[in-house]
Amino acid sequence: MDKVVATAQEALADVADGASLAVGGFGLSGVPDVLIQALYATGTTGLRVVSNNCGVDGAGLGILLAAGRISRVTGSYVGDNKEFARQYLSGELLVELTPQGTLAERLRAGGCGVPAFFTPAGVGTQVADGGLPWLYAPDGTVAVSSPPKEVREFDGRSYVLEHGITTDFALVRAAVGDRHGNLVFHRAARNFNPLAAMAGRITIAEVEQLVEPGVLDPDEIHLPGIFVQRVVELTAEQAADKRIEKRTVRR
């Protein structure tokens, strides 16, 4: 029942080349930076990543991306990551873009054992009809396009079939966790972290504050420990190291 692992390196020891990863975070909020940095140190490559976005230049998943360790990304937002855009447009990276709500539900569905579901999001667009560029050739032509998806009508409205997502591993960050893997997330960090954690066959959580079992009120727990296999406690310095994606000030 005690799922605490001594170090991030130990927790990631069995992540092999070509593994698929669901990674939590929204922008730079709730990103499992310590686990990402530890994974970078292992030299693992060919990773297939599912995440809302791929970090920014020099932070989050952007570290693995810049090192050429990621071969495929399933996400909903490219953002301000210039290296992400460069690799995609130059044919170095396969990118499956999906509507943000659909991505969230695909992760949740996979974690709940639901193989597929119908949604109205994307009907009448290339999301459903196919033809979205997944991979470019070096000359700028489209090498791989998204395939068409099944569209079915329910009660007079059209819906597109989307498949649930499961991955070999999931990397998430929580504000508080106990030794049994029960997790609590703060604010925007709750957006994709619980869903990513559900989708991973082996879920590794870095926690800013580790507490003993029984300390957390069951009503406060956002993700039950059944979805978490390994817990890494962060140091005070690691827990406090949080970046701001865009700082806005006024006179």
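Colleague: Which side chain does the side chain of Asn52 make a polar contact with?
Modeller: Bear in mind that this is a predicted model. Asn52 sits in the loop between β3 and α3. Its contacts, leaving out residues up to four places away in sequence, include Gly25, Phe26, Tyr77 and Gln100. At 2.8 Å, the side-chain partner of Asn52 in a polar contact is Gln100.

Colleague: Is Asn52 buried or exposed?
Modeller: The cut-off for buried is under 20% relative accessible area. Asn52 has a relative accessible area of 2%, so Asn52 counts as buried.

Colleague: What separates the C-alpha atoms of Asn52 and Arg106?
Modeller: Along the chain, Asn52 and Arg106 are 54 residues apart.

Colleague: Let's move to Gln87. Which backbone oxygen does the side chain of Gln87 reach?
Modeller: Gln87 is part of helix α4. It's buried too, since its relative accessibility is 3%. Skipping neighbours within four places in sequence, Gln87 is in contact with Leu65, Ala66, Glu92 and Leu93. The backbone oxygen that its side chain reaches, at 2.8 Å, belongs to Leu65.

Colleague: What is the bridge partner of Leu47 in β4?
Modeller: β3 and β4 run parallel, joined by four bridges. Leaving aside neighbours within four places in sequence, Leu47 has contacts that include Val15, Leu39, Leu64 and Ile70. Its bridge partner in β4 is Ile70.

Colleague: And which residue in β5 is the bridge partner of Val73?
Modeller: β4 also pairs with β5, residues 94-97, in the parallel sense over four bridges. For Val73, the bridge partner in β5 is Val95.

Colleague: Which residue in β13 stands opposite Phe169?
Modeller: β11 and β13 are paired in the parallel sense, with ten bridges between them. β13 covers residues 200-211. Opposite Phe169 stands Ile202.

Colleague: What about the bridge partner of Ala205 in β14?
Modeller: β13 is joined to β14, residues 230-233, by four bridges, and the two run parallel. In β14, the partner of Ala205 is Val231.

Colleague: Zooming out, what radius of gyration does the protein chain have?
Modeller: The C-alpha trace spans about 50 × 50 × 45 Å along its principal axes. A compact globule with 251 residues would have a radius of gyration near 18 Å, so the chain agrees with that expectation, at 18 Å.

Colleague: What percentage of the contacts with a separation of 6 or more comes from residues 24 or more positions apart?
Modeller: The secondary structure comes to eight helices and 14 strands. Buried residues make up 47% of the 251 residues. As for the contacts with a separation of 6 or more, residues 24 or more positions apart account for 71%.

Methods:
Residues are numbered from 1 along each chain as its sequence is written. This is a predicted model: local features need pLDDT of at least 70, side-chain atom pairs count only at pLDDT 80 or more; totals for chains, interfaces and linings use all residues. Side-chain values use heavy atoms; hydrogens and water are left out. Contact means heavy atoms within 4.5 Å. Buried means under 20% relative accessible area, exposed over 50%, partly exposed in between (1.4 Å probe, protein chains only). A polar contact is a pair of N or O atoms within 3.5 Å; within protein, one must be able to donate a hydrogen and the other to accept it, and residues adjacent in sequence count only if both atoms are side-chain atoms. The radius of gyration is taken over C-alpha atoms; the globule rule is 2.2 Å times the number of residues to the power 0.38. Two strands pair if DSSP finds at least two bridges between them.
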